[in-house]
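Here is a short report on one protein model.

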Amino acid sequence: MAELWLEFNPSAYLTDTQLSRLKRIPNLALACDRCNAYKGSNLTGIDPDTGALIPLFSPRVHAWDDHFVLSDVTIVGLTAMGRTTVRVLNMNDARRIQLRAMLKRHEQL
Ligand SMILES: [Zn+2]
């Protein structure tokens with residue numbers, strides 16, 4: 001459980017001063033290392049339903065609940081932007097599903 005907490009808790013890695021500085025950068029959003037790695041420099045992706053090129057969700061601009069819903073332990077994209085972001089960030093890969101299931105069992109999800 002401690003390993004999971006460290007993986008998803010940026011404050012475990014950053015001091016309060018470092019977090020405070022990061023929060024003042026307007027176009028920066030905290031993300032787990034996996035999302036950050038999958039996103040890379042991508043600003044768009046291909047919608048799996050339509051094949052259209054779609055902008056990715058930006059937590060600084062868009063509201064999570066408008067684009068995603070958690071169905072049990074799977075993140076479902078409600079819009080083209082949500083579907084595309086789920087796909088590009090590989091939000092439902094097997095390990096992530098496994099981690100969410102573990103969090104749910106520990107009532108952390
Ligand atoms: Zn993430």
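## The hairpin

Two residues separate strand 3 and strand 4 in their hairpin, and there Asp-72 takes a positive phi near 60°. The model is predicted: local features need pLDDT of at least 70, side-chain atom pairs count only at pLDDT 80 or more, and totals for chains, interfaces and linings use all residues. Numbering starts from 1 along each chain, as its sequence is written.

Strand 3 and strand 4 run antiparallel and are joined by four bridges. Strands pair if DSSP finds at least two bridges between them. Phe-68 stands opposite Gly-77 in strand 4. Helices (H or I, at least four residues) and strands (E, at least two) are DSSP runs, numbered from the N terminus.

Asp-72 sits in the loop between strand 3 and strand 4. Asp-72 is not a glycine, yet its phi is positive. Most residues other than glycine have a negative phi. Asp-72 counts as exposed because it has 10 C-beta neighbours inside 10 Å. The cut-offs are these: buried means 20 or more other C-beta atoms within 10 Å of the residue's own, exposed means 12 or fewer, and partly exposed lies in between, with C-beta atoms placed from the backbone.

## Positive phi elsewhere

Glu-107 lies in the segment after helix 6 (94–105). Glu-107 is exposed, because it has 6 C-beta neighbours inside 10 Å.

| Residue | Phi |
|---|---|
| Asp-72 | positive, about 60° |
| Glu-107 | positive, about 55° |

## Helix 5

Why is helix 5 largely enclosed by the rest of the structure? Seven of its nine residues (80–88) are buried, so the rest of the structure largely encloses helix 5. The buried residues are Met-81, Gly-82, Arg-83, Thr-84, Thr-85, Val-86 and Val-88. Their cover includes helix 3 (33–39) and helix 4 (64–67). It also includes strand 1 (44–46), strand 2 (53–55), strand 3 (68–71) and strand 4 (74–77).

Arg-87 belongs to helix 5 too. Arg-87 counts as partly exposed, because it has 19 C-beta neighbours inside 10 Å. Setting aside neighbours within four places in sequence, Arg-87 is in contact with Gly-45 and Pro-48. Contact means that two C-beta atoms, placed from the backbone, lie within 7 Å. Arg-87 and Gly-45 are 42 residues apart in sequence. Their C-alpha atoms are 8.1 Å apart in space.

## The whole chain

How many helices and strands does the protein chain have? There are six helices and four strands. Along the sequence they follow the pattern α-α-α-β-β-α-β-β-α-α. The protein chain has 109 residues, and 15% of them are buried. Of the contacts with a separation of 6 or more, 49% join residues 24 or more positions apart.

Confidence comes last. pLDDT is the predictor's confidence in each residue, from 0 to 100. The protein chain averages a pLDDT of 86, and 83% of the residues score at least 70. Over residues 1–6, pLDDT stays under 50. For residues 1–6 the model has six contacts beyond four places in sequence.
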